[in-house]
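Dear colleague,

Please find below the sequence and structure that I am handing over to you. My findings follow directly after them.

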Amino acid sequence: MGTGKLKRRVGRLLPTGDSVIAWAGLSVAGVVLSMLAAFAWWAMQSHRGGVEHARREQVNAVASLMAHNAAVLLGGSDVAALRSLAATASAENGLTVCRLTLAGGGVVVSLSASEVATGPLPERWQHALEAPEAGAPAGVVRAVRTVPIAGRGSALLEVEGPIEYPFATAWEAQATVAAIGLVGLCVLWLVYRGLRRRLGALSAIRWALASVAQGERSGDALGVREDLGPEASQWNTLLTTLDALRRRSVEERMNEVGGLREGRGSDAAATCDALWMGVLVVDDRLSVRLANGAAGALLQRRREDLAGADLAKAVASAEVVGLIKSALSGDARQRRAVELKAAGEGGRAEAGVLRFTIKPMAGGAGRQALVVIEDVTQQRVADESRNGFVAAATHELRTPLTNIRLYIDELLDPAPKEARAQEAAINVISHEARRLERIVSDMLSVSEIEAGSMAMHKDDVRLDTLLPELEEDYRAQASEKHIRLTLELPPKVPVVQGDRDKLALALHNVLGNALKYTPEGGRVSVSVTADPKRVDVSVSDSGIGVSPDEQELIFQKFYRSKDARVRTITGSGLGLALAREVVRRHGGDITVQSQVDQGSTFVVSIPVGRAA
Amino acid sequence: MEIQERAQGAVTVLKPVGPLCADDADGFRSRCMEATARTLGRLVVDASAVPYADSRGLEVLLELSEALGQAGQSLKLCAATETVREALELTELSHLAEHYEDVPSGVRSFL
């Protein structure tokens, strides 16, 4: 086993963190308690020694006193006084034995009456004394004295007394020691709490560092409680700073790799800002990491407010937010798109139709979603227009085709028919065929204009020639309805530049409409005014007129007036739309002034000397 | 200065009539910015009725171009007169706008 491995194993056995403080506290407490116990034991032993010494001194003093008195009293044969003195001394000094034995036997004085020899004291007795017995048992103090009695012999005085330890004194000493120990433990506990509070932050930071070593990077996981002290606050501040630096580093790396950087000054940023569709990058915290200028314009937010904003504040649509969340969660791995109507400023009007395309993408800082926003309003308007065109065209074509089929069926019927009826049927077929031709021609012209493929053959157009031809074409139709058709030309009409056929078509439609919507007996007049810049061709009629609400609508394709009288008159609704487009292609315009039941005046303005 | 406005599909067409000069230019700028905000930038300027523009007029065109450019959009100038085109080219501002021969062409650019 290597040294390093051994150190690591030993290190794991050693207390760490908070346990360091706990172990230190317990150790100090153990030492203090041991010292207090040793002190208490020493104090008890010292006390016991003192008590024993004092008892021994007392017993020895009593023995010496009794020996002196015994020598005097026995010399005078006053045994009774000696016995009385022994009883008194024993009672006062707590003696259990006070015995005087003559040499050669015979107990003269004893606290036990049964030991005392009866009879008078001998006059003389021997001097030789027997050796005293072994020492006193534990807990007893014994004193032995040889008492020489002058002229009569020797005696042996034995005095014993028990050693009594004062219990109360020992208990007080122990209580004092215990109190000191308790106070010491309390002080130790307070010191421990203080140290723990002081070192708790360091311990928590140490654990956080251990987590970092194991791969943890989340600032939330590595943070420590702020109430642990200033070190904890500084550690958390350090984590926040590191997190910000890491995020910035990731952003810069992402921007460098992906070519998307918010700030200006790089090709990638310029490219992003030059995009006409909005671009948002949303991170897994549902925060907008990047927004280009077009995104701000399309979402009707300030670009500065978008960067770093919550997704819900940046994008109002819950559907789009849901798709983005789905992309960020990994549920949706493919590109998904949704089209929404964007509310106008203040939510009052509809600003347009936006298409949101959401695609998940891998980023340096986790999962991200790319959101591309496109304004498809014009496309949708064109789609609706195209669909309406097809529907209206189908309707317009069906009516003459139905008439043609019915009259052909009638002509093919083998049943005999009158010549006038056959002629009428053929006329209807011819009329409807011309109507079909006109509708198809108008539709083709409108389609060409909308597609931008209408060819304009620039040439000199002499209106003073074109308009009389037009008048001639419509004179028969005017006569049928008893309409007075007039043409007023100034002495000199400027030559305009443009496509003669297209201008003829536009004027044809305007004049044809005037005749169509003017009742029998009415009037239609065509007049021309000119200046060096433009020529105005005015077509006035005494027809049914156009309400103010419809004066702009009648120039839309397939629009038919809601006036009930118009419903009885056939028409494709393309004539005025086509005429205006043609004139506008020439740089001019068509305007209308009209009153219901009073008539209308359409003015075709054509610039002089200019054609598109 | 009269500024005519009409809608062509979802596109707003603004047609200033008269010289683009001085205070008129500021009014034109305001109308353009208002229309841009209202239509998310679907705006076409029909310059066929602008005979000329002074320095303030050109400056307004520059400001409009920059404002639209920040949103990834561009100023669409249709049927500009020869005088206006020459003024833009002489001041090297011609590249700031997309030029179209006529309004329908400008409108079709939104498709």
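In this predicted model, A:Ile324 is in contact with A:Val282, A:Leu311, A:Ile358, A:Ala369 and A:Val371, when its neighbours within four places in sequence are left aside. A:Ile324 belongs to the largest nonpolar core, which has 62 residues; together with A:Val282 and A:Val371, A:Ile324 is among those with the most contacts inside that core. Another core, of 38 residues, lies apart from it and includes A:Ala393, A:Leu467, A:Leu507 and A:Ile590.

I also examined a helix pair in chain A. Helix α14 (residues 463-480) of chain A packs against helix α15 (residues 500-516) of chain A at an angle of about 35 degrees, and their axes are 10 Å apart. The crossing of these two helices is right-handed. From α14(A), the contact is made by A:Leu466, A:Leu470, A:Tyr474, A:Gln477 and A:Ala478; the residues on α15(A) are A:Arg500, A:Ala504, A:Leu507, A:His508, A:Leu511, A:Gly512 and A:Leu515. Sorted by class, this contact comprises 8 nonpolar, 3 polar and 1 charged residues.

Finally, I turn to the interface between the chains. Chain A contributes 25 residues to the contact and chain B 21 residues. On the side of chain A that touches chain B, the elements giving two or more residues are α7 (267-274), α8 (293-299), β8 (350-363) and α12 (377-412). That side of chain A has 11 nonpolar, 10 polar and 4 charged residues.

Yours sincerely

How values were computed. Residues are numbered from 1 along each chain as its sequence is written. Chains are lettered from A and ligands numbered from 1 in the order in which they are written. This is a predicted model: local features need pLDDT of at least 70, side-chain atom pairs count only at pLDDT 80 or more; totals for chains, interfaces and linings use all residues. A nonpolar core is a set of buried Ala, Val, Leu, Ile, Met, Phe, Trp, Tyr and Cys residues joined through C-beta atoms within 7 Å. A residue is buried if 20 or more other C-beta atoms lie within 10 Å of its own, exposed if 12 or fewer, and partly exposed in between; C-beta atoms are placed from the backbone. Two residues are in contact if their C-beta atoms, placed from the backbone, lie within 7 Å. Axes are lines fitted to C-alpha atoms, for helices over the stretch in contact, and angles run from 0 to 180 degrees between N-to-C directions. Helices (H or I, at least four residues) and strands (E, at least two) are DSSP runs, numbered from the N terminus. A crossing is left-handed if the near helix is turned anticlockwise from the far one by less than a right angle, and right-handed if clockwise. Ala, Val, Leu, Ile, Met, Phe, Trp, Tyr, Cys and Pro count as nonpolar, Asp, Glu, Lys and Arg as charged, and the others, Gly among them, as polar.
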